[in-house]
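Visitor: I'm new to looking at protein structures. Could you walk me through one?

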Amino acid sequence: MAIRQIRLDGDEILTKKCRVVKEITPRQEELINDMIETMYDADGVGLAAPQVGVLRRIAVIDVGEGPIVLVNPEVIEADGEQTGQEGCLSVPGKVGIVTRPNHVKVKAYNEKMEEFEIEGEELLARALVHEIDHLDGHVYTEIVEGDLMDVTYENPEEGEEEVNASLSDDKQ
């Protein structure tokens, strides 16, 4: 396993639609493992293959309950609405206000190409839709409401992390 370089907003690969995965090869197994390691190393909750330079429909997510591998994911149901801060490993140091569905149902395949469905609410729903957007060539900055905000991470007490966001004039 290896940490891969995360492509940053403005990189053309992030605007391209990913190709469907027909089978999981040893190369794709390595990609999935590297993506999980890269996501954890960057303290992210999700990562899509184009963010590491690969145009395949593969994403990984972990909202605190262990990694979820999504191959060829597609939203089959969405309802409700949530508006809140959203960030992206491809747009480091920034967050923006984005409205997403509050509940989604996604059909996908796992790393063994076994079909499954996953339902998510709140953060998981946001992460699922965010990563699937990446697979379709979209970055959250396209739908951000208002300006992006700078975000800094502080460690006020042992074991606690605080996020401070402040308004930024540059919308990336």
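**Reading charges, cores and contacts**

Guide: Let's start with a pair of side chains: Asp-136 and Arg-57 form a salt bridge, and their closest N and O atoms are 3.0 Å apart. Keep in mind that this is a predicted model.

Visitor: Which parts of the chain does that pair tie together?

Guide: Asp-136 sits in the loop between H2 and E8, while Arg-57 sits in the loop between strand E1 (46-48) and E2, so the pair ties together parts that are 79 residues apart in sequence.

Visitor: What is the idea behind a pair like that?

Guide: Side chains of opposite charge can pair when their charged atoms come close. Asp-136 also meets Lys-17 in a salt bridge, at 3.3 Å from N to O. Lys-17 is in the segment before H1 and Asp-136 in the loop between helix H2 (123-135) and strand E8 (145-154), so this pair connects parts 119 residues apart in sequence.

Visitor: Are Arg-57 and Lys-17 buried or exposed?

Guide: Arg-57 has a relative accessible area of 9%, so it is buried. Lys-17 is exposed, because its value is 58%. Asp-136 counts as partly exposed at 25%.

Visitor: How many salt bridges does a search of the whole structure find?

Guide: It finds 10 salt bridges. Another one of them pairs Asp-133 with Arg-100, with the closest N and O atoms 2.7 Å apart. Arg-100 counts as buried, at 5% relative accessibility.

Visitor: Which residues do salt bridges with shared partners join into one network?

Guide: The network is made of Glu-86, Arg-100, Arg-126 and Asp-133.

Visitor: Now, how do I read contacts around a polar residue? Take Gln-82: where is it found?

Guide: Look in strand E4 (residues 82-88) for Gln-82. At 13% relative accessibility, Gln-82 counts as buried, because the cut-off for buried is under 20%. A polar atom of its side chain lies 2.9 Å from the backbone oxygen of Glu-122. The side chain of Gln-82 also makes a polar contact of 3.4 Å with the side chain of Arg-126. Leaving out residues up to four places away in sequence, Gln-82 touches several others, including Val-98, Thr-99, Pro-101 and Ala-125.

Visitor: What about the nonpolar side chains? Where do they tend to be?

Guide: In soluble globular proteins, nonpolar side chains tend to be buried together. Here the largest nonpolar core has 16 residues, and Ile-32, Met-35, Leu-47, Ile-58 and Val-60 touch the most other members. Helix H1 (26-41), strand E2 (58-61) and strand E3 (68-79) each give at least two residues to this core. H1 supplies the largest share of the core, 5 residues.

Visitor: Can you zoom in on one member? What does Ile-58 touch?

Guide: Not counting residues up to four places away in sequence, the contacts of Ile-58 include Val-21, Leu-31, Ile-32, Met-35, Leu-70, Val-71 and Leu-135. There is also a second, separate core of 14 residues, with Ile-13, Ala-48, Val-91 and Tyr-140 among them.

Definitions and conventions:
Residues numbered from 1 in each chain as written. Predicted model: local features only at pLDDT ≥ 70, side-chain atom pairs only at ≥ 80, totals over all residues. Heavy atoms only, no water. Core = buried A, V, L, I, M, F, W, Y, C linked by side-chain atoms within 4.5 Å. Buried < 20%, exposed > 50% of the residue type's maximum accessible area, 1.4 Å probe, protein only. Helix = DSSP H or I, 4+ residues; strand = E, 2+ residues; numbered from the N terminus. Contact = heavy atoms within 4.5 Å. Polar contact = N/O pair within 3.5 Å; in protein donor to acceptor, adjacent residues only side chain to side chain. Salt bridge = Lys/Arg side-chain N within 4 Å of Asp/Glu carboxyl O.
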